[in-house]
Amino acid sequence: MSEGVLAQSISVLGRVPGVAFVLVALVAVFASMSPGFSTTPNLTNILVQSSILLLLALPMTFIIMTEGLDLSIGAVLTLGSVVLAAVALATGSLAVGFIAALAIGLAFGLLNGWLIAWLDIPPFVTTLGTLGIAQGLCLVITDGTSIVGLPSGLQFFYSGFFLGIPFPLVIAAIAYAVMHGILYHTRLGTYVPALGGNREALRHAGVNDRVVLAVIYGIGGLMAGIAALLLTSRISSAHPTAAIGMEFDAIAAVAVGGTQFERGEGWLLGTLLGVITIGVLRNGLNLLAMPSSIQVICVGLLVIVALFFDGMRKAHE
Amino acid sequence: MSQIDAAAPKLKLTLSRDVTDVAYRLLAVALICVTLSLVSDAFLTANNLLNVLRQASLVFFMASGLTLVILTGKIDLSIGATVGLSACVAATMIKSTGSPWLGAAAAIGVGSIVGLGNGLMVTKLRIPSFIATYGMLWVAQGATYYYMSGQSVYGFPAGFRALGSGYLLGIPIPIYLMVAFLAIGYFFTKRTTYGQQIYAIGANTVAARLSGIPVNSRLNLVFVLSGAMAGLASLIYLARLNSAEGDIGETLTLPTIAAVVIGGTSLFGGVGSLFGTFIGGLILTLILNGMNLLNLNANWQPLVTGLIVLLAVWLDMKTRSKTDSN
């Protein structure tokens, strides 16, 4: 009986506020160590910088809930940025460039979904393969150099304001609202955890699980295409390795946010908190003049610790 | 007793599959060689062929440990980063002490420690191997960058460099090492209880556990071996390049996984062989060598490698589902 209560309180304590504890602790540490941390411009900056990551982490949550993984999303984002810049330069139109970025993102997402759902190739190797393809395309298109000279109107999307709110935050809020709506208020959303937890049952219920998987990976690609607009705007150019490796931060945010890698259980608000946690961690370490190598190690350790507690919780159940 | 009965026919099937698998892949090697010798005069020269084998040997060292991991049904995505970290630690060790032996010990030690970390995360913390080793990838890579802090270390003693670029009787030394490790690996996987247990864990982990195989300790062993082989590979790489930088291992993971899957080792465990991995590495190296000879820009390499990985896994799954339904 008491063991049940213990397990329950551990699952409540370990699940819901776990990431919140980490976030509060990090904020407290950085606020006390670095005077520049808890200023309004810096905190706004953290949120704005986190918006690109959120666009990747939201669909990553869906994907991980299906017991999948998308290692290609950082490379697809980079490819989207390269395509956006190349097409915008060639046609002189940002809109056409953006549509091209969305199209290439969606195409890669659907390709991932097709390889995983129809050809039954394990997600991590599928997306490792498409990572190579996307990265290769980036290098081939740019010949390894940056694409510069983009229209100045591009800067609005990362640095501009809409009704006084930084534009990336508007995009991030809309994306969160849409993904929240899909996950918790549509039939598609009910299929997502079922794909991870009980795919057989879903199939028996007459749901075409392959189409659903393809849609989920497709959404991931599309979001990478949207993120490409923000990324390109942020650096005012496209670079073939600009967001290579960002998939790790996205996966880390999802893991830290408490989504399970093996049982179809996920929590979108947790992912939002996870994204902010990673943003705070990187920003704080930056202010403390820690090199990016230390940041990467810290994010990696954070993931391992999160998964460790996850494993302990599993052992209790 | 009944266990042995049940295992016997399965084992036979696996072995015969190995033979046909290898035969198909040797055919692929022959086809690629014929094609390349037709399109490029430079291909069929002793120099180029030895160079292909030398490069294939490096792939083999990285991929052989990974093969053992994949045979158990797990994965090690940290290989490239492990090679990078081992190479950098070994490089500074050799420079500061002047002793290649200490460098070798450091490389293999670092690789083994990383591998043990992977193993413990999988067996003790029960983190899925793809995510545990993916986290390790970034930790090891971050550690490498931090350790090197943008510097490069170069210029090693000639005796050490011979490990990567030396010749014995006209044949590059890494090729001898590869043949030796292929022989040891064959004996280990096919002729020892350890090897059989590795196959059994991959074929059916629950059954393996129930039949008394110490699954966790074997999993730790394969992850440590994978790390140690990455450490060994890093030495040969280092001896060949004669320099080490922080990004040395960054692009190595995808080709390594490619070699294993082209070689016919199933990502679901239990099926495959080290010899297959050798052939897989050879096929990959031949294709990349051909691209080189045809003056195709190196920027195409990740794209082609990615396509090859997907094609190889898809072909493998296709033939497997056919034989399974028979």
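Modeller: First a term: a crossing is left-handed if the near helix is turned anticlockwise from the far one by less than a right angle, and right-handed if clockwise. This is a predicted model, in which local features need pLDDT of at least 70 and side-chain atom pairs pLDDT 80 or more, while totals for chains, interfaces and linings use all residues. Residues are numbered from 1 along each chain as its sequence is written, with chains lettered from A and ligands numbered from 1 in written order.

Colleague: What is the handedness of the crossing of H5(A) and H6(A)?
Modeller: The crossing of H5(A) and H6(A) is right-handed. Helix H5 (residues 94-117) and helix H6 (residues 123-142) of chain A pack at about 145°, their axes 9 Å apart. Angles run from 0 to 180 degrees between N-to-C directions, and axes are lines fitted to C-alpha atoms over the stretch in contact.

Colleague: Which residues make the contact?
Modeller: Among them are A:Phe108 and A:Leu111 of H5(A), and A:Pro123 and A:Thr126 of H6(A). Contact asks for C-beta atoms, placed from the backbone, within 7 Å.

Colleague: Why is B:Ala46 called exposed?
Modeller: B:Ala46 has 9 other C-beta atoms within 10 Å, so B:Ala46 is exposed; the cut-offs are 12 or fewer for exposed, 20 or more for buried, and partly exposed in between. B:Ala46 lies in helix H2 (residues 46-71) of chain B.

Colleague: How many residues of chain B are in contact with chain A?
Modeller: 31 residues of chain B are in contact with 39 residues of chain A.

How values were computed: Helix = DSSP H or I, 4+ residues; strand = E, 2+ residues; numbered from the N terminus. Contact = placed C-beta atoms within 7 Å.
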